[in-house]
Amino acid sequence: MTELNAIVDTAKAAFSEAATPADLENAKAQFLGKSGRITELMKGMAALSVEEKKSLGAAINLAKQAIEAALSDRRQALAEIELLAQLQAEALDVSLPGRQRGQGGLHPVTLTTERIEAIFGSMGFDVAQGPEIEADWFNFTALNTPEDHPARSMHDTFYVEGGSDAAPNLLRTHTSPVQIRHALQHVKQHKAAMDAGLPMPEIRVICPGRTYRVDSDATHSPMFHQCEGLWIGENVSFKDLKFVFTDLCRTFFERDDLVLRFRPSFFPFTEPSAEIDIQFQNGPLAGRWLEVAGSGQVHPNVVRNMGLDPEKYIGFAFGMGLDRFTMLRYGVNDLRLFFDGDVRFLSQFQ
Ligand code: DAH
């Protein structure tokens, strides 16, 4: 009997030492397997008397049951340990923040464009678009800049396929061709009414967009942004240009003290022409004049190319640099920053 008790104790110890189910099955074999210790004892009973078989058999059975119970306890314990380990390995930390998509924002030049569209919108201006690959006629000729005109050399640009050999298509050098495109469409739209003697509704439009020149330094980029403005009617004068542009700049820069200067200049498509400078009265830019646009009274030849009688219709136009306006508003000193796509720079405008 003491031998049986010793076997049971050894089995219990072996089971509790087994660290994995495989270890446990090996330990089980030592006691309950074909040549395990309990099995061997039972085999040995064959030689015993009936009486001895009865009492020893009962004792061996008890020992066997005790070993089986210890085995099943350990099996359960190991299964629980395994489950716990698995749960831990696959644990989801529900307190972690979910994966987020980075939120983008509008480019500073787009912010400026939208702001300018809103300000002009409040003054009754439409917004028009034109193609970036432009025909020579719209970019130059219709704007009173014939083929041999020296002003063309200031607009060195990228020529592309299409058009004629003498006048290939090009990446537009300014947004001014949209003046012509928009005016022609406007006149066509209102032709029937005008033929019937009704006055033409005024043309009041801005045309923002990308423009191209062969130019590259801190304040020039081969691709840049302009916004054209055009107001044509029967009685639109230079005074209206001064009012509209002054109002635009004061609203855009949120400075009532902003002073504008219209400096005489030359553009083939306007007569007279002026460059517009702004002067800041206060702050870090106080006293400085900064050129922000070209402008003028639309030349009679251009009015004619719009399909209108220059004796009857008159107006003004301007072309402003959107990148310039953006640099001034945010105090950016290098234009190239706008086009590098560096998130550290761009995220500051969100
Ligand atoms: N297109 C001119 C340029 O890019 C700017 C300009 C000047 C536009 C006078 C105008 C204007 O509409 O009237 O340099």
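How many Å separate the centres of domain 1 and domain 2? The answer is 96 Å, taken over C-alpha atoms. This is a predicted model, in which local features need pLDDT of at least 70 and side-chain atom pairs count only at pLDDT 80 or more, while totals for chains, interfaces and linings use all residues. Residues are numbered from 1 along each chain as its sequence is written, and side-chain values use heavy atoms, with hydrogens and water left out.

**View 1. The protein chain is assigned two domains, domain 1 and domain 2.** Domain 1 covers residues 2-89. Domain 2 covers residues 108-349. These bounds come from an automatic or database domain assignment.

**View 2. Helix α2 spans residues 21-32.** Helices (H or I, at least four residues) and strands (E, at least two) are DSSP runs, numbered from the N terminus. Helix α2 has 12 residues and reaches 16 Å from its first C-alpha to its last. That is close to the 16 Å expected at 1.5 Å a residue; the expected span is 1.5 Å times one less than the number of residues. Leu 24, Ala 27, Phe 31 and Leu 32 are the buried residues of α2. They cover an arc of only 110° around the axis, which puts them on the same side of α2. The arc is that of the directions from the helix axis to the C-beta atoms. Buried means under 20% relative accessible area, exposed over 50%, and partly exposed in between (1.4 Å probe, protein chains only). What covers these buried residues includes α1 (2-17), α3 (37-44) and α4 (50-89).

View 3. In the side chain of Glu 228, an N or O atom is 2.6 Å from an oxygen atom of the ligand. For Arg 213, a polar side-chain atom lies 2.8 Å from a ligand oxygen atom. For Gln 179, the distance from a polar side-chain atom to an oxygen atom of the ligand is 3.0 Å.

**View 4. Asn 169 sits in strand β4 (residues 168-171).** Asn 169 is buried, at a relative accessible area of 18%. Contact means heavy atoms within 4.5 Å. Leaving aside neighbours within four places in sequence, the contacts of Asn 169 include Ile 133, Tyr 159 and Gly 163.

**View 5. Thr 141 lies in the loop between α6 and β3.** Thr 141 is partly exposed, at 30% relative accessibility. Not counting residues up to four places away in sequence, Thr 141 touches Asp 136, Arg 152 and Asn 305. The side chains of Thr 141 and Asp 136 make a polar contact (3.3 Å). A polar contact is a pair of N or O atoms within 3.5 Å; within protein, one must be able to donate a hydrogen and the other to accept it, and residues adjacent in sequence count only if both atoms are side-chain atoms. Thr 141 and Arg 99 are 42 residues apart in sequence and 56 Å apart in space, C-alpha to C-alpha.

**View 6. Asn 144 has a positive phi, near 60°, in a residue other than glycine.** Asn 144 is in the loop between α6 (136-139) and β3 (159-163). Asn 144 counts as buried, at 18% relative accessibility.

**View 7. The peptide bond from Glu 271 to Pro 272 is cis.** Its omega is near 0°. Pro 272 belongs to strand β8 (residues 270-279).
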